[in-house]
Amino acid sequence: MQELLISDQSSDTFCTKLWEESGQDVAECYQCGKCTAGCPLAPAMDLAPNQVMRLAQLGLENEVLNAQAIWLCAYCSTCSVRCPRGIHVAEVMDALRRMARRKGLPGAAKARRVAIFNDNFLATIKRFGRLHEVGSMLLFNLLSGRLFQNADVGYEMFRRGKIKLLIGRIKEIGEIRKIFQAVDKRRGQECPEQGGERK
Amino acid sequence: MKVAYFPGCCYETSAKEYDLSARLVCKHLGIELVEVPDWNCCGSTAAHSTDRLLALALAGRNLALVERMGLTVAAPCAACYQRLALARVELAGDECVRQKVNELTGYAYRGSAQVKSILEVIADLGEEKVKALVKKPLHGLRVAAYYGCLLLRPAEVQIDDPENPQLMDRVLRWTGAEAVDWTHKAECCGASLAVSNEDVVLPMVARILRAARLSGADCLATACAMCHFNLDLRQPKVSRVFGERYHLPVFYFTQLLGLAMGLSRKETNVHKHIVNTRPLLTRVLGEER
């Protein structure tokens, strides 16, 4: 059995960090489990959403940030609209993804694939200002080491004239690049996104 | 009525038929769509999962362009709608964040843009106006209106009740179709994970198709490019993997509206789908001329 160190201090520190990133106070959660009951992805997760909330409350940062669950959350927000404590659970998951991503690419396979997909998606936006569906998919296959995945889907799309190999750039692509450069520069500097104090 | 139009990145590729049918239907309904000049990707899931300010800035540039036009913006794609609408709420409510975002985009956005989904814009016209244009009522067509997650959640941007939405059902009834009552209309289909983790997503698609079939629906209608891609394109695979044979055409609600308004099947591009729509449409509308 794995030993975990739980202390009031680490718990409070992590709750505050999470609050700054998400605007949500996970300490409010009373573990009713409603988020998990309605989550369409819970069956595929290593930790159920209410378990993620509990570990976050306890300040078990590594356990939470290394969970695949935070990457399998699709931000559908069913949990958020049903939470009796008014916690936007999907926003907590989103914040955890961002925090985990700042620490590097996730190691677990399913989580890693989501992160790689996101990176590729953003790379095409940085380049063109819009999504390049084919380019982004091919790059994903290459980088995730599964060259022919979704080839069946691609073929059907091609037959129906739904694939465009060349896409144009938006006119002011410089504005998009500037956004990406500024955000890249900012990353790493801890800077609270939320105003106000956590209760 | 003039409305700013945000086509979204899939408009020339996977969701071509949504864009084309939305434009045609709006034209018939007297809604003039003016494309947002030089719009960029809304950032989608990839941006908000990676960096909050990046997501706000990508959406914020679009909102600034819309503000200049002085019009309400409508997006056909539910993902674009949600990103723009959420950014609108955040940038209108928090001056400090708005300032940071303006520094990134180089625009002086004041927080006044209004964002709607194309479903809302059409529903807002009202029953009388839309019904008056219905020339070929879709009598006998049983549709399961599928909303998915992006139009209904989170609460700040919901266009209808997140547990039992009715907006699309209502619009579909105006066409003469029957909108069935069913259980999975607001369930997430997992499209954002479909490329990265298809094995996780297939059972989600299967649950939705199963529920639609149980309700007695002939087909599904959606207002989301990602849902459409997932439910239509992956249907043969779901049938294969789960050993259940599905043949449920998936339409954009604008295509059904268009057909009811007398547009041809070619004009509404119903042949672009993976699941063959011809047998069903022949039953409802007769042989294609």
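Predicted model: local features only at pLDDT ≥ 70, side-chain atom pairs only at ≥ 80, totals over all residues.
Local features here need pLDDT of at least 70, side-chain atom pairs count only at pLDDT 80 or more, and totals for chains, interfaces and linings use all residues. Residues are numbered from 1 along each chain as its sequence is written, chains are lettered from A and ligands numbered from 1 in the order in which they are written, and side-chain values use heavy atoms, leaving out hydrogens and water.

**One sheet of chain B**

- Strand β1 (residues 2-5) of chain B runs parallel to β2(B), and four bridges link the two; strands are DSSP E runs of at least two residues, helices H or I runs of at least four, both numbered from the N terminus, and two strands pair if DSSP finds at least two bridges between them.
- These strands belong to an open, parallel sheet of four, in the order β2-β1-β3-β4 (chain B).
- At its edges sit β2 (32-35) and β4 (115-117) of chain B, each pairing on one side only.
- From one strand to the next, the twist averages 40°, with axes fitted as lines to C-alpha atoms (for helices over the stretch in contact) and angles running from 0 to 180 degrees between N-to-C directions.
- Helix α6 (residues 118-125) of chain B packs on this sheet, touching β1, β2, β3 (73-75) and β4 of chain B, where contact means heavy atoms within 4.5 Å.
- The direction of helix α6 makes about 80° with that of β4(B).

**Another sheet of chain B**

- Four strands make up an open sheet with parallel pairing, in the order β6-β5-β7-β8 (chain B).
- Both β6 (178-179) and β8 (250-252) of chain B are edge strands with a single partner strand, so each has one side without a neighbour in the sheet.
- Strand β7 (residues 219-222) of chain B runs parallel to β8(B), joined by three bridges, and B:Leu220 stands opposite B:Val250.

**Where chain B meets chain A**

- On chain B, 61 residues are in contact with 57 residues of chain A.
- The two chains bury about 5400 Å² between them, 58% of it on carbon and sulfur atoms; that's the accessible area (1.4 Å probe) lost on being put together, summed over both.
- B:Thr50, B:Arg52 and B:Val195 supply 12% of the area that chain B buries against chain A, more than any other three residues.
- Two salt bridges cross this interface, each a side-chain nitrogen of Lys or Arg within 4 Å of a carboxyl oxygen of Asp or Glu.
- B:Arg61 and A:Glu175 form a salt bridge through their side chains (2.7 Å, N to O).
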